[in-house]
Amino acid sequence: MRKELTIRMKNIRILGRNIRDGFKNVFRNLSLSLASISCITVTLLLVSVAIIGSLNVENFTKLISDDFTIVAFIENSASEEKEEEILKEIKKLSNIDTITYANKKDIAKEMKESSETFNSIISSWGEEENPLSDTYSIKVKDLDKIEKTAEKIKKIDGIEIVKYGEGMVDSMVSIFDILRKVLIVIVIGLVIVTAFLIANTIKITIFSRQEEIEIKRLVGASNFSIKQPFAIEGLIIGILGSIIPILATIYGYSFLYEKTGGKIFSQFIRLVKPFPFVLNISVVLLIIGAIVGMIGSNRAVRKYLKI
Amino acid sequence: MEFIKFTDVEKVYKTGVTAVYNLNLEIKKGDFAFIIGASGSGKSTLIKMLYREEKPTKGEIMIGGVNVGKLRNRKVYKLRRKLGIVFQDFKLLPKLTAYENVAFALEMYGLPKDEIRAKTLKALELVGLKEKAKSYPNELSGGEQQRVSIARAIVNSPKLLICDEPTGNLDPDTSLEIMKVLEVINDLGTTVLVVTHDRDVVNKMKKRVILLDKGTLKKDYEKGTYDKNEKH
């Protein structure tokens with residue numbers, strides 16, 4: 001027990017000194033460190049955009065699928081019996097999840113409540129002048145087959161028009177998907193460049209401290225304790241580089257969410273709520289920064305520290 | 001019991017140069033020995049093999065029961081903690097004070113601060129530099145710098161002190177002072193090996209002399225002198 005404790009204390013002392021050394025190294029080659037730090041900053045900003053983008057796309061496609069409905073407009077001339085018949089016809093089809101009926105009076109009432117403009121227009125209609133149709137709103141089980149189901153419903157006698165999102169969602173999702181893939185390629189490229197830059201920065205440190213490393217080896221410093229300050233240097237660069245992207249993510253996204261009220265382009269695209277979303281992303285950014293820093297440092301140490 | 005034993009040691013560098021061959025040598029615990037010889041006689045290679053900077057191509061080198069040639073790279077530091085090494089060019093870090101340079105080695109081992117302080121001051125006292133502990137290397141004379149590097153080498157109480165041309169950069173009087181310091185360390189029980197070109201030093205010390213020539217042991221005498229007739 002006592003021996004274990006002494007060993008732990010010893011390692012803590014060595015670690016403490018190496019952290020101090022790591023910081024010294026970062027500031028000794030400040031211009032190079034800054035180059036690495038800004039490279040990591042740019043990379044992580046893009047990573048952040050990529051993550052926010054793809055998670056939001058995922059979120060709204062899920063939301064859209066959830067309340068994506070076929071709206072079948074019933075001919076105005078149809079009687080109540082006819083409407084019952086149509087309902088039975090629709091029920092016979094496969095891929096039908098739920099059916100909700102709405103009569104035109106209710107729809108008009110709902111629309112009146114939803115906006116001032118609608119209110120004034122609809123109020124001018126007489127009882128029999130309501131141009132709206134009774135509708136069935138149909139949710140489907142499988143969104144992929146929505147087109148076929150819609151076509152079948154359209155063929156049912158008494159159905160005037162069938163509406164659904166058509167290809168809009170699909171094309172939007174595929175555009176975002178391409179964007180996401182492009183971003184991923186750019187990010188991977190940047191991560192590699194950054195790791196090289198960090199390796200270079202640490203290589204300079206190693207060269208400028210060669211004498212010290214040689215003496216350390218001669219007096220019997222273990223390889224681990226020789227390598228450690230450089231690993232810490234990489235870690236510090238990575239962590240410093242992730243500060244700006246983290247702040248940008250937290251404040252930028254919250255700002256965007258507030259400005260847009262959580263909706264962009266249209267009512268359809270709802271943003272993910274900022275908290276704890278941005279905090280999770282921040283943790284991911286910090287971890288990526290730290291890992292890239294360590295990879296860069298490890299590369300330099302393996303190549304230039306002949307131990 | 002011999003402390004260091006070379007058995008049929010041969011060293012061929014990658015360039016094809018044979019630096020040491022057929023070397024058999026024993027050094028006892030507590031010995032003080034000079035290793036002399038002309039440039040290229042294999043002196044440096046011999047001591048580099050002792051602190052495992054080089055591995056022997058053939059043969060066996062035992063130090064205190066450890067086969068140095070078989071030592072894995074990862075484990076070399078354990079050997080070096082038991083040795084002290086002094087160089088011609090001191091190898092002090094210019095940005096550290098004398099005290100910090102000596103404490104440096106102990107910091108590497110992760111010793112507690114007060115233990116480092118006690119050992120460092122003791123080592124500096126032994127080489128007679130306690131009052132210059134706060135000076136930087138460029139504020140010290142060559143002899144003082146070499147004494148700092150000796151203090152660093154002995155701070156961890158090594159069993160063996162290896163000195164590679166310790167007086168090579170120093171004037172004759174200072175060289176003798178350094179030798180006196182080494183003698184004190186030897187009297188305290190540390191085995192001391194000194195590689196040198198310095199004829200005066202060898203002659204005045206009257207210690208064991210190991211003469212190397214073209215990579216092999218030529219002469220080995222107790223209380224020897226550096227014969228003027230020997231080529232070097």
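Modeller: Start with contact: two residues are in contact if their C-beta atoms, placed from the backbone, lie within 7 Å. Bear in mind that this is a predicted model.

Colleague: How many residues does the contact take from chain A and from chain B?

Modeller: Chain A gives 16 residues and chain B gives 13 residues. On the chain B side, helix H2 (76–80) and helix H3 (98–109) each supply at least two residues.

Colleague: How do the residues on the side of chain B that touches chain A divide into nonpolar, polar and charged?

Modeller: That side has 6 nonpolar, 1 polar and 6 charged residues.

Colleague: Which residues touch the most other members of the largest nonpolar core?

Modeller: A nonpolar core is a set of buried residues joined through C-beta atoms within 7 Å. Here the largest has 71 residues, and Ile35(B), Val102(B), Ala151(B), Leu161(B) and Ile162(B) touch the most other members. H3(B) supplies the largest share of this core, 8 residues. A second, separate core of 31 residues includes Ile40(A), Ile198(A), Tyr253(A) and Val292(A).

Colleague: Leaving aside neighbours within four places in sequence, what is Leu161(B) in contact with?

Modeller: Among its contacts of that kind are Gly84(B), Val86(B), Ile185(B) and Val192(B).

Colleague: In what sense do strands E1 and E2 of chain B pair?

Modeller: Two strands pair if DSSP finds at least two bridges between them. E1 (residues 2–12) and E2 (residues 18–28) of chain B pair in the antiparallel sense over 7 bridges. Phe6(B) stands opposite Leu25(B) in E2(B). The hairpin has 5 residues between the strands, and Gly16(B) takes a positive phi near 100 degrees.

How values were computed:
Residues are numbered from 1 along each chain as its sequence is written. Chains are lettered from A and ligands numbered from 1 in the order in which they are written. This is a predicted model: local features need pLDDT of at least 70, side-chain atom pairs count only at pLDDT 80 or more; totals for chains, interfaces and linings use all residues. Helices (H or I, at least four residues) and strands (E, at least two) are DSSP runs, numbered from the N terminus. Ala, Val, Leu, Ile, Met, Phe, Trp, Tyr, Cys and Pro count as nonpolar, Asp, Glu, Lys and Arg as charged, and the others, Gly among them, as polar. A residue is buried if 20 or more other C-beta atoms lie within 10 Å of its own, exposed if 12 or fewer, and partly exposed in between; C-beta atoms are placed from the backbone.
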